[in-house]
Amino acid sequence: MVIKHIMVLLFLVFRLSSAKVTYNVQSFGAKPDGRSDSKNAFLNAWSLSCNSTTPASIYVPAGRYLIASALTFSGQGCKSRAITFNIAGTLVAPSSYNAIGNAQVWIKFYVVKNVTINGGTLDAQGSSLWACKTSGKACPKGSTVRPYTSTNIHRVFVQVDIFFFSFFHEIIMNMYLLQTLGFYHSQNIVISKLRSLNSQMFHMLLYSCKNAKIQGVSIVAPGLSPNTDGIHLTYSTGITILSSKISTGDDCVSIGPGNSNIWIEKVVCGPGHGISIGSLGWEREEPGVQNVTVKTTTFVGTTNGLRIKAWARSSNGFVNGVYFKGATMMNVKFPIIIDGNYCPNNNNCPNEASGVKISNVMYENVHGTSATRVAVKFDCSKGNPCSGIVLKDVDLKFGGQPANSSCSYAAGTASGLLHPTSCL
């Protein structure tokens, strides 16, 4: 009998210790009117969740919640084993881009573990900033298209090793690439059924993260909105992107330096610039990209489909072990492309031989239509030719006519149904 009572007591203690506590942001003063700043209410809900000794949930009811300035959720010192955001409403940025234009990250998670975001919408109201850029007026420092790949920044980095490069690279990312949602130095992250609208620049960024799953998300921005990458990954590992629809003015998914073990499946892209590995190779000391799988994707009216891009300059970067399988192209300008001489707008191009070594890349079961006659283009480096390229069952047409392929310094094999004929 005593043993039985002890077992019941232990069971009750276990149930109490594992029970999840929920914090409603409206209980802390959040107003769903789209006009009252709710930032502090979210921070207060986070603070209690972070200090909870049990898993915690933050609930955001229906409505529009203004987040008037940059919001950071820090996981440093958190006691809770897991925090879940259940969002039924919309978090909205101020209509004036100046409010967050110099903040670099509108909603930032820093050093967090076991955080889940379920549902909801993030509306960054980026159209006014895009108009500013188009007009040529002075725009906020963090939002103007001044990429971190500038020559001056490079001169700083060439003297430091890869550890310090990674450190300073994060600073530069923050300085020049405004993001709607950013996770930094975090692990065990889930982003599910979240909708991101009209980001000023990048919609989502994962920097130096481990084990993250992004599934069922919707990312929307006009095709002409500048630098509105859908999901950008850098220095991260164990990232999965599933069953998502991405429409942007830049890359739907961009995979930067230092990424490994990336799995992308059932993603629809368009408009946008495709799914891209790169750009790579701007820095002489740069970690590579390896073990990337991209399956069952659809590209609609994009400028690129499956792309690898590297600057034509000296670098020890590399791409190795990439598997593209099951892609449908619908009027895509460059369905399959390796661009070893990447230089957007042909502005201040380095015009060197790319040092990025691209090897062991497979394209299988890629079919559909190309918007240009050259549907397969491998423009590799003379100093570092592409190797181990595999084409298998590639069927691409141009306006109902046969398409062409083009190879420069690329070696590999081809088999199965091949339209256009392989140039390898």
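## The annotated residue His273

His273 is found in the loop that joins strand E20 (260–269) to strand E21 (275–280). The structure described here is a predicted model. In the UniProt record, an unreviewed entry, the feature "active site" is placed at His273.

The relative accessibility of His273 is 24%. Because buried means under 20% and exposed means over 50%, His273 counts as partly exposed. Beyond residues up to four places away in sequence, His273 touches Gly249, Asp250, Asp251, Thr303, Asn304 and Arg307.

## Ser244 in strand E18

Strand E18 spans residues 237–247 and contains Ser244. Ser244 has a relative accessibility of 4% and therefore counts as buried.

Two backbone nitrogens are reached by the side chain of Ser244. That of Val217 is at 3.1 Å, and that of Gly216 is at 3.4 Å. Gly216 and Val217 are also among the contacts of Ser244 when its neighbours within four places in sequence are left aside.

Strand E5 comprises residues 71–74. Its covered face carries Leu71 and Phe73, while its uncovered face carries Thr72 and Ser74. This arrangement can be set beside a general rule: in a regular strand, side chains alternate between the two faces of the sheet.

E5 pairs with strand E8 (residues 105–110) in the parallel sense, over four bridges. Within this pairing, Phe73 of the covered face stands opposite Phe109 in E8.

## Helix H3 and the residue after it

Helix H3 runs over residues 127–135, and its buried residues are Leu129, Trp130, Cys132 and Lys133. These residues lie on the same side of H3, because they cover an arc of only 155° around the axis. In general, an α-helix has 3.6 residues a turn, so residues three or four places apart point the same way.

Gly136 follows H3. The phi of Gly136 is positive, near 85°.

Methods:
Residues are numbered from 1 along each chain as its sequence is written. This is a predicted model: local features need pLDDT of at least 70, side-chain atom pairs count only at pLDDT 80 or more; totals for chains, interfaces and linings use all residues. Side-chain values use heavy atoms; hydrogens and water are left out. UniProt positions are given in the numbering used here, feature names are shortened, and annotations may be inferred rather than shown by experiment. Helices (H or I, at least four residues) and strands (E, at least two) are DSSP runs, numbered from the N terminus. Buried means under 20% relative accessible area, exposed over 50%, partly exposed in between (1.4 Å probe, protein chains only). Contact means heavy atoms within 4.5 Å. The arc is that of the directions from the helix axis to the C-beta atoms. Two strands pair if DSSP finds at least two bridges between them. A polar contact is a pair of N or O atoms within 3.5 Å; within protein, one must be able to donate a hydrogen and the other to accept it, and residues adjacent in sequence count only if both atoms are side-chain atoms.
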